[in-house]
Amino acid sequence: MRKTILTAEEHFPYVKTRIKVREYKEVVLSPVEVAIEDMRDKINKLKEVLSNAQDTKLLQMQLQGGIATSVNQGAYAIAHAFLGEIPTSKQNHFHQQLRTCFREFVKLCGEALDINKVLINEEQLEYQREMERKYHDFQQLLAPLISSGQKAHPRKSRETTYLRKIATTRASRVFNTD
């Protein structure tokens, strides 16, 4: 993936409709760096929602997007693709950064669940229990991937094949964005 950074002479917004670009910088990111940025974006969105936790719909939306994904397995697919499939000997500091992001993400999701529990009414108690169950499952799936530098035991199942397919598709999209 390519990331383009433009530095303007003046701050946005500015009185003029066009501002001269002072510096143009293009950075090519590896797939693991893209995954790190993706997880940091998820973390920042969750932090933003937690800082103003009065909007339960937005809070629940972020929780569902993080721990209760039904399409593409969300964050778990990223962790499995970059932390579960690569031997420890080939992992580098980017993989450690990704592990750190996942630890923070899991912690924030737990905080979001606690806040949601306080904010909801009785009609949403079943929803809360279901989200707590999915959070627990999410933690269990991620634990072997983020707890240490050890590779998780590979599972011979349709899920593993499906996750590999997702990771390959995402990686090909990242490299074909020219």
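Over which residues near the end of my talk's confidence list does pLDDT stay under 50, and how many contacts beyond four places in sequence does the model have there? Residues 169-178, with 8 such contacts. Contact here means heavy atoms within 4.5 Å, and pLDDT is the predictor's confidence in each residue, from 0 to 100.

Some ground rules. This is a predicted model, so local features need pLDDT of at least 70, side-chain atom pairs count only at pLDDT 80 or more, and totals for chains, interfaces and linings use all residues. Numbering runs from 1 along each chain as its sequence is written, and side-chain values use heavy atoms, with hydrogens and water left out.

Overall confidence next. Mean pLDDT for the chain is 80. Of its residues, 81% reach 70 or more. Residues 149-167 fall below 50.

Now the core, meaning buried Ala, Val, Leu, Ile, Met, Phe, Trp, Tyr and Cys residues joined through side-chain atoms within 4.5 Å. Buried is under 20% relative accessible area, with a 1.4 Å probe and protein chains only. The largest nonpolar core holds 34 residues. Phe105 and Phe138 are among those touching the most other members. H4 gives the largest share, 9 residues.

Those two also form an aromatic pair (ring centres within 6.5 Å; planes over 60 degrees apart are edge-to-face). Theirs is edge-to-face: 6.2 Å centre to centre, 75° between planes. Phe105 sits in helix H4, Phe138 in helix H5, 33 residues apart. Helices are DSSP runs of H or I, at least four residues, numbered from the N terminus. Phe105 counts as buried at 2%; Phe138, at 5%.

Conventions
Rings of Phe, Tyr and Trp (its six-membered ring) pair if their centres lie within 6.5 Å; planes under 30 degrees apart count as stacked, over 60 as edge-to-face and the rest as tilted. Helices (H or I, at least four residues) and strands (E, at least two) are DSSP runs, numbered from the N terminus. Buried means under 20% relative accessible area, exposed over 50%, partly exposed in between (1.4 Å probe, protein chains only).
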